[in-house]
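Hi there,

Here is the structure I promised to send over.

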Amino acid sequence: MHQVNEYEVTIHSLGEHVVSYLGRDHLKSVTIWGDELTATADISIVLSDDSWAEHERAIDKMIEIREMFLNDVAIDYRFDSEGSLSRRGSTKAAMLQLA
């Protein structure tokens, strides 16, 4: 049985917050590559509506999320188009796909 550590719990919580704050109906997918060694999370967000207004709304929400996790993990995020997901990252990266 796999023991879940504090970092994995943080990444999972981060993913849940991203989906909750952005709204499941505004998302096609959220993928997080977490790197425990560097305490970082690389987030790929695919929005349902690729308009500037929707990007602007999502950026505002991501600012709030970054503030919440400021002491736990360094967050980098980007908006991708469907099918362009690519793993950036490193050594010991676990992936979490949501939405």
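Met62 sits in helix α2 (residues 52-68); helices (H or I, at least four residues) and strands (E, at least two) are DSSP runs, numbered from the N terminus. Please keep in mind that this is a predicted model, where local features need pLDDT of at least 70, side-chain atom pairs count only at pLDDT 80 or more, and totals for chains, interfaces and linings use all residues. Residues are numbered from 1 along each chain as its sequence is written, and side-chain values use heavy atoms, with hydrogens and water left out.

Is Met62 buried or exposed? Met62 is buried, with a relative accessible area of 0% (buried means under 20%, exposed over 50%, partly exposed in between, with a 1.4 Å probe and protein chains only). Beyond its neighbours within four places in sequence, Met62 contacts Val18, Leu22, Ile43, Ile45 and Tyr77 (contact means heavy atoms within 4.5 Å). Val18 is 44 residues away along the chain, yet the two C-alpha atoms are 7.3 Å apart.

Met62 also belongs to the largest nonpolar core, which has 20 residues; Val18, Ile43 and Ile45 are among the others with the most contacts inside it. Such a core is a set of buried Ala, Val, Leu, Ile, Met, Phe, Trp, Tyr and Cys residues joined through side-chain atoms within 4.5 Å. At least two residues each come from α1 (6-22), β1, β2, α2 and β3 (74-79), and α1 gives the most, with 6.

As for strand β1 (residues 27-35), 8 of its 9 residues are buried.

Best wishes
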